[in-house]
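Dear colleague,

Please find below the structure that I am handing over to you. A summary of the findings follows it.

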Amino acid sequence: MTDQQAPVFQIQRVYLKEASLEQPNSPAILLEQESPTVDIQLGVNAAPVAEGVFEVTVTATVQTKIKDKTVFLVEATQAGIFEIRNLPQEQMSQIMGIACPQIVYPYLRGNVADLIQRGGFPPVHLSEINFQAMFEQQQQQAGAGADAPQLVTQ
């Protein structure tokens, strides 16, 4: 194989693309004694940026409520830019749906916990995720031949 045909997988950059914290019912909701419920939504998306260069994002939405009132809502998107070349399409999908999110996700976990803590709350630690299982579930739902992953889990 020449250098032009050798497989390439390189991390170009990992960055926090977007983050927000909302406390729409503060300060009154902070005086409530009841424990809040926590709902966490995760999503993965991949998109081409240039020839052989892709952005893979992992998004988390964390919402806590007491009864029907929001205590806080955090939305954060962590992104990575990856150079991926000279791989078969099946491997490309797996790398963008499994390997890239596994690289990006720990940064998202830390940023979400930090943002929540800076908002005055105990940090919410996102669980470890099996991106291979998520990817396989998405592939089954989409049928064979799906392109770039667009995974959403609850």
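With which side chain does the side chain of Q78 make a polar contact? The partner is the side chain of N111, at 2.7 Å; a polar contact is a pair of N or O atoms within 3.5 Å, where within protein one must be able to donate a hydrogen and the other to accept it, and residues adjacent in sequence count only if both atoms are side-chain atoms.

Please note that this is a predicted model, in which local features need pLDDT of at least 70 and side-chain atom pairs count only at pLDDT 80 or more, while totals for chains, interfaces and linings use all residues. Residues are numbered from 1 along each chain as its sequence is written, and side-chain values use heavy atoms, with hydrogens and water left out.

Q78 lies in strand β4, residues 69–85 (strands are DSSP runs of E with at least two residues, helices runs of H or I with at least four, numbered from the N terminus). Q78 counts as buried because its relative accessibility is 2%; buried means under 20% relative accessible area, exposed over 50%, and partly exposed in between, with a 1.4 Å probe and protein chains only. Setting aside residues up to four places away in sequence, the residues that Q78 touches include V14, V58, Y107 and N111 (contact means heavy atoms within 4.5 Å).

The largest nonpolar core has 32 residues, and V62, F72, I84, V112 and I116 have the most contacts inside it. Such a core is a set of buried Ala, Val, Leu, Ile, Met, Phe, Trp, Tyr and Cys residues joined through side-chain atoms within 4.5 Å. Two or more residues come from each of β2 (37–50), β3 (53–66), β4, α1 (89–118) and α2 (131–142), and α1 gives the largest share, 10 residues. Beyond its neighbours within four places in sequence, I84 is in contact with residues including V8, F54 and M92.

In α2, the buried residues are F131, M134, F135, Q138 and Q139. They are on the same side of α2 because they cover an arc of only 135° around the axis, taken from the directions from the helix axis to the C-beta atoms. Q140 and Q141 are exposed on the other side of α2. N130 caps the N-terminal end of α2, with a side-chain oxygen 3.1 Å from the backbone nitrogen of Q132. Just after α2, G143 takes a positive phi of about 85°.

Yours sincerely
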